[in-house]
Amino acid sequence: MSFFGFGQSVDVDILLNDADSRRRAEHKTEDGKKDKYFLFYDGETVSGKVSLALKNPNKRLEHQGIKVEFIGQIELYYDRGNHHEFVSLVKDLARPGEVTQSQAFDFEFTHVEKPYESYTGQNVKLRYFLRATISRRLNDVVKEMDIVVHTLSTYPELNSSIKMEVGIEDCLHIEFEYNKSKYHLKDVIVGKIYFLLVRIKIKHMEIDIIKRETTGTGPNVYHENDTIAKYEIMDGAPVRGESIPIRLFLAGYELTPTMRDINKKFSVRYYLNLVLIDDEERRYFKQQEVVLWRKGDIVRKSMSHQAAIASQRFEGTTPLGEARTPGPLSDSGNRQ
């Protein structure tokens with residue numbers, strides 16, 4: 001990069017030391033597309049080289065210093081340009097001077113804390129990246145490289161089932177049960193719906209997985225609901241005493257772990273929404289929150305320490321399976 005075509009120009013690249021062996025993970029970009037990035041976990045060292053390739057071999061590159069940074073930041077889309085950094089590490093690679101030939105500078109960020117999972121949502125983005133900067137008087141030369149961080153958790157000790165009775169007085173009374181309240185991202189939701197009283201003509205029943213993204217604080221809180229999946233569990237009118245089984249595989253859907261109050265900026269929660277539709281197209285539904293967590297595919301020896309740290313950060317919740325007294329299902333009141 002040069003100024004009005006005069007002086008030296010340079011190509012900057014960031015190369016990881018273990019690029020050949022490190023796994024990559026797919027991650028959704030802000031425009032909705034997917035790309036693959038190098039995958040890291042909490043506590044892992046990030047090391048590599050910053051490579052400078054001079055385009056004009058007979059000219060010098062004057063600079064005010066060369067540095068590399070490891071940054072974790074949150075960006076709220078309604079407040080663009082105001083980045084909230086929760087990790088910021090800097091390594092100075094060269095003092096002010098000049099570069100006369102192409103060269104590479106080694107860097108290492110040892111056992112870097114990466115407390116949150118990478119996330120791209122409707123209104124917020126949490127990203128980790130390396131940034132190399134050549135400081136110059138007129139125009140800095142900057143190169144960034146994004147990485148993806150996954151947070152691993154161990155199996156929750158308390159994982160009670162969800163049992164609940166709901167209904168509409170003298171019209172509908174059902175009992176539903178899910179086998180657990182906390183599921184890993186490739187888990188299977190197993191449950192059943194039992195009809196105790198049916199006096200309305202139900203023609204269809206489904207379970208939806210809803211992701212609720214919450215951003216902001218206080219009076220400026222904004223909720224964004226996204227229906228991740230719709231799973232039909234019944235087509236036709238049920239009768240009293242009928243039991244409908246549920247088996248929903250999570251691996252086929254784009255899910256993230258549950259995130260609670262991340263850096264006091266945003267949260268991501270998941271709900272199972274039981275929906276009943278009668279013959280007049282009225283919708284009755286009942287939502288129940290479930291906790292999602294990420295289980296490592298293969299926990300290598302080198303990852304055992306990181307997994308232990310991650311498990312300590314897993315936020316357990318109070319059991320969701322306590323029985324409740326029958327109450328009215330929410331009626332959306334919308335007729336198609």
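User: I'm looking at K55. Is K55 buried or exposed, or something in between?

Analyst: In this predicted model, K55 counts as partly exposed, because its relative accessibility is 47% and the middle class sits between 20% and 50%.

User: Which residue does K55 form a salt bridge with?

Analyst: Start with the general idea: side chains of opposite charge can pair when their charged atoms come close. Here, K55 pairs with D11, and the closest N and O atoms are 3.5 Å apart. K55 sits in the loop between β4 (46-54) and β5 (61-63), while D11 belongs to strand β1 (residues 10-16), so you're looking at distant parts of the chain, 44 residues apart. D11 is partly exposed too, with a relative accessible area of 42%.

User: Which residue does D106 form a salt bridge with?

Analyst: K49, again with the closest N and O atoms 3.5 Å apart. D106 is in strand β9 (residues 103-109) and K49 is in strand β4, so this pair ties together parts 57 residues apart in sequence. D106 counts as exposed at 57% relative accessibility, whereas K49 is partly exposed at 34%.

User: And K125, is that one buried or exposed?

Analyst: Buried, with a relative accessible area of 17%. Its salt-bridge partner is E75, with the closest N and O atoms 3.9 Å apart. K125 lies in strand β11 (residues 124-134) and E75 in strand β6 (residues 66-76), so the pair connects parts 50 residues apart in sequence. E75 is buried as well, at 9%.

User: How many salt bridges does the structure hold?

Analyst: There are 21. Some share partners: E69, R127, R131, E144 and D146 are joined that way into one network.

Notes: Residues numbered from 1 in each chain as written. Predicted model: local features only at pLDDT ≥ 70, side-chain atom pairs only at ≥ 80, totals over all residues. Heavy atoms only, no water. Salt bridge = Lys/Arg side-chain N within 4 Å of Asp/Glu carboxyl O. Helix = DSSP H or I, 4+ residues; strand = E, 2+ residues; numbered from the N terminus. Buried < 20%, exposed > 50% of the residue type's maximum accessible area, 1.4 Å probe, protein only.
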